[in-house]
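Dear colleague,

Please find below the structure that I am handing over to you. My notes on it come after the display.

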Amino acid sequence: MSTASTRTALAAILLAAAVALAGCGGDSPSAPATPTVLPDDPGNIEVTSRHTYAEVPAADAEAFAIDFIKLYGTFSPANPAPGRTWMSSWRSLAMPEVSSRAEAEFDSIWGWTWDQQVQAQDVLPAGPVQLDADFGTVTVRIPARRYVLGLLAQHVEDGHWENLHFEVVVGPRTVGEADSGLAVYRVEMRGA
């Protein structure tokens with residue numbers, strides 16, 4: 001082989017090596033340092049499509065909160081086992097924390113009905129409702145009224161209407177799952 005052909009062959013080899021090295025330059029991604037792992041590998045955290053945030057439709061939250069306050073704001077000490085009757089009327093609509101708080105505050109919520117020998121009934125919305133969407137919940141503020149009637153009243157007209165204000169926080173029954181139904185996360189009931 002002549003010197004010219006040796007040089008040409010050597011140049012071709014160097015050019016091929018340069019092209020190969022250029023393909024491995026800084027712009028191309030490097031190979032992963034660890035092997036790719038499939039989600040069903042028991043040694044790894046499973047990635048699911050479940051989100052930790054589920055948007056609650058405002059209209060659904062409003063209707064749900066209104067249904068809830070009709071039960072939560074009604075009480076009669078003349079019912080058999082009145083506390084249990086009251087709790088069981090709305091408990092399935094609320095998170096366990098709401099029930100626990102209601103049990104702890106039962107006397108402060110309803111003690112006045114025994115003192116005054118009255119019952120609270122017919123809770124109705126009494127004005128525009130305010131809605132505030134938050135991260136996965138909707139706070140529903142409801143002006144309302146309810147009819148207070150003496151336990152020994154002879155006529156319905158012997159009672160009177162009382163103004164109230166409710167604040168009800170509604171969210172998905174299972175946090176982060178919009179299709180799990182709705183539940184009350186917190187409720188405040190006070191005189192207006």
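This is a predicted model: local features need pLDDT of at least 70, side-chain atom pairs count only at pLDDT 80 or more; totals for chains, interfaces and linings use all residues.

Residues are numbered from 1 along each chain as its sequence is written, and side-chain values use heavy atoms, with hydrogens and water left out.

The largest pocket

A pocket here is an open set of points on a 1 Å grid over the protein atoms alone, where a 1.4 Å probe fits, with protein on both sides within 12 Å along at least five of seven lines; lining residues have an atom within 4 Å of a point. The largest pocket holds about 230 Å³ of space, a volume being the space filled by probe spheres set on the points. Its lining consists of 17 residues, and Tyr72, Glu105, Ile109, Val187 and Met189 lie nearest the centre. Helix 4 (96-104), helix 5 (106-116) and strand 5 (182-191) each supply at least two lining residues; helices (H or I, at least four residues) and strands (E, at least two) are DSSP runs, numbered from the N terminus. Strand 5 gives the most, with 7 residues. By class, the lining has 8 nonpolar, 2 polar and 7 charged residues.

Tryptophan 114

Helix 5 also contains tryptophan 114. This residue counts as partly exposed because its relative accessibility is 35%, which falls between buried (under 20%) and exposed (over 50%), with a 1.4 Å probe and protein chains only. Not counting residues up to four places away in sequence, tryptophan 114 touches Phe75, Pro77, Pro82 and Phe106, where contact means heavy atoms within 4.5 Å. Proline 77 is 37 residues apart from tryptophan 114 along the chain, yet their C-alpha atoms are separated by 6.4 Å.

Serine 180

Serine 180 is found in the loop between strand 4 (160-172) and strand 5. Its side chain reaches two backbone nitrogens: that of arginine 173 at 3.3 Å and that of threonine 174 at 2.9 Å. Leaving aside neighbours within four places in sequence, serine 180 is in contact with Pro172, Arg173 and Thr174.

Asparagine 79

The loop between helix 2 (58-72) and helix 3 (82-90) holds asparagine 79. With 31% relative accessibility, asparagine 79 counts as partly exposed. Asparagine 79 and glutamine 119 are 40 residues apart in sequence and 9.7 Å apart in space, C-alpha to C-alpha.

With kind regards

How values were computed:
Ala, Val, Leu, Ile, Met, Phe, Trp, Tyr, Cys and Pro count as nonpolar, Asp, Glu, Lys and Arg as charged, and the others, Gly among them, as polar. A polar contact is a pair of N or O atoms within 3.5 Å; within protein, one must be able to donate a hydrogen and the other to accept it, and residues adjacent in sequence count only if both atoms are side-chain atoms.
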